[in-house]
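Please consult the sequence and the structure shown here.

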Amino acid sequence: MVDLQGQYKSIKDQINSSLKEVMETSAFINGPEVQKFQKELEEYLGVKHVIPCANGTDALQIAMMGLGLQPGDEVITADFTFAATVEVIALLQLTPVLVDVYPNTFNIDTDAIRKAITPKTKAIVPVHLFGQCANMDEILAIAEEHNLYIIEDNAQAIGANYTFKNGTRKKAGTIGHVGATSFFPSKNLGCFGDGGAIFTNDDDLAHTLRGVVNHGMYERYYHDVVGVNSRLDSLQAAVLRVKLPNLNDYNKARQEAARKYTKAFQNCEHIETPQVETNQNCDKDLGICSTCDCHVFHQYTLKITNGKRDALGKHLAELQIPHGIYYPIPLHSQKAYKDSRYKEADFPVTNQLVKEVISLPMHTELDDEQIAFITKTIIDFVNK
Ligand SMILES: *Cc1c(COP(=O)(O)O)cnc(C)c1O
C-alpha cells in the first residue's frame, strides 16, 4: 500500500546524517530537534502552537483532556473512521455519538450532526477522511450556534487546504479549537515509528496541553492536573524535519497518482472514483483538483457498486496487488461502541460504504507501469 523504502532512498543521506547528529549529542528526549520541528510545523501550518506528542491517538485524547471535557459529555463524530477517534472519547468516559457520513466525500454529514445534538453535547470531532476536509463552514456554524468545541482529527489530511465560502483558506487541523495529527509511517507526513502532534491558536489551551503531555506539570514536580506521558522522540523529530520541506511535493505526487488512477477508470461501469468537493472553483480534472490542495489523498478509495468488492479484493490478493478495506465495519456495529440510541436507519451511507469501498496503493513512489497494471486488473475483473 505504501513504499516507505523507496521514499527513504530518495532522502537517505539527509536522514542518516540527521539521525547520526541526534545520536552523537544523545539529546533523545525533548532535544533541540523537537523544538525546531515544532517551530517549523507551526510555520508550515500557519498555526500559533504545535504541541508534539507520542502518536495520533494520544493527540486526540490530550486535546479532549485539555478542553476539560467531563464524563457524560457527548461528543459527536463520524461512524465511518478509524476506531482511534471514538476510542479516546470512550476512554475518557465521554459519550461517543456516532453519525452518518456523505456518500461522495466519506466525511461527516452535517445534517446528521444537527440531529444528534442534545443538551449534553459538548464537542464535535470531524475527521478529514482520506485527505479531504469535512464541511468546516457548516461545522463551525453549528459549533457557534450550540457553543460546542471542534476537535479536528487531521491524521489523514496534513498539508490539505480548506477554502471557506468567503474565499479565505486555512490548513486542515488549524480551523477548529484544536487539531490532532499522527506521524505514523504510512501517513502523508510519516516518521520512522510513532509520533503525533496537537495544534491550536489558543494560547491558554496551548499552555494547558503542554502540561497535560508532561504529567500535568507546569513547574517541575508540581502536578496541577492529571496528565499523561506523551512525547515525540528527538530521533523522530529529526526524520520529520527532513521530510516536512518535501510534504507539498509528496502530496503533489499523491494527487498525480490519483489523477492517473481516475483517468484509467473513467467511464468504467460499476467503479466510482473519489471526488473532491470544494467551495473553490478549482481546476477539477475528472474530480481531482490540481490547484488548491483541497485533497491530499491519504487514501485513493473506489466504490465498487455491483457487489463484486469482496471478490475483487480476493482477486487482487491472489495477484499480490496490495489493497485495503477502510473501513469494513461501521463503528456503531462494533461491540465496544454499541449504544441503544443507534438505529440502523440512521446509517444508510456508512452501511453501504462498508460493502463497496476499496483503497488502492497510494504513496509518493507509484510509477505509470504500476498504475497501468493495477487499473487494468481491476477494470477487467469488475466488468468481466
Ligand atoms: C492513524 C489515525 C489515527 C491514530 O493515529 P496513531 O498515530 O496511529 O495513533 C487517528 N485517527 C485517524 C483518522 C487515523 O487515520
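Predicted model: local features only at pLDDT ≥ 70, side-chain atom pairs only at ≥ 80, totals over all residues.

Residues are numbered from 1 along each chain as its sequence is written, and side-chain values use heavy atoms, with hydrogens and water left out.

**Pocket and cavities**

Spaces are found on a 1 Å grid over the protein atoms alone: a cavity is a set of points where a 1.4 Å probe fits but cannot get out, a pocket is an open set with protein on both sides within 12 Å along at least five of seven lines, and lining residues have an atom within 4 Å of a point. Grid points are joined across faces, edges and corners, and a volume is the space filled by probe spheres set on the points. Two cavities of 30 Å³ or more are counted.

| Space | Volume | Lining by class |
|---|---|---|
| Largest pocket | about 490 Å³ | twelve nonpolar, twelve polar, three charged |
| Largest cavity | about 80 Å³ | three nonpolar, six polar, four charged |
| Second largest cavity | about 50 Å³ | four nonpolar, seven polar, no charged |

In these classes, Ala, Val, Leu, Ile, Met, Phe, Trp, Tyr, Cys and Pro are nonpolar, Asp, Glu, Lys and Arg are charged, and the others, Gly among them, are polar.

The largest pocket is lined by 27 residues, with Phe82, Gln156, Phe184, Lys187 and His298 nearest its centre. Because domain 1 (4-245) and domain 2 (247-383) both contribute to this lining, the largest pocket lies between them; the domain bounds come from an automatic or database domain assignment.

The largest cavity has 13 lining residues, of which Leu4, Gln7, Lys187, Arg254 and His363 are the closest to its centre. Domain 1 and domain 2 both give residues to the lining of the largest cavity, so it lies between them.

**Helix packing**

Helix 10 (residues 247-265) and helix 13 (residues 368-382) pack at an angle of about 35°, their axes being 10 Å apart. Helices (H or I, at least four residues) are DSSP runs numbered from the N terminus; axes are lines fitted to C-alpha atoms over the stretch in contact, and angles run from 0 to 180 degrees between N-to-C directions. The contact (heavy atoms within 4.5 Å) includes Ala257 and Tyr261 of helix 10 and Ile371 and Ile378 of helix 13. By class, this contact has eight nonpolar, one polar and two charged residues.

Note on methods
Helix = DSSP H or I, 4+ residues; strand = E, 2+ residues; numbered from the N terminus.
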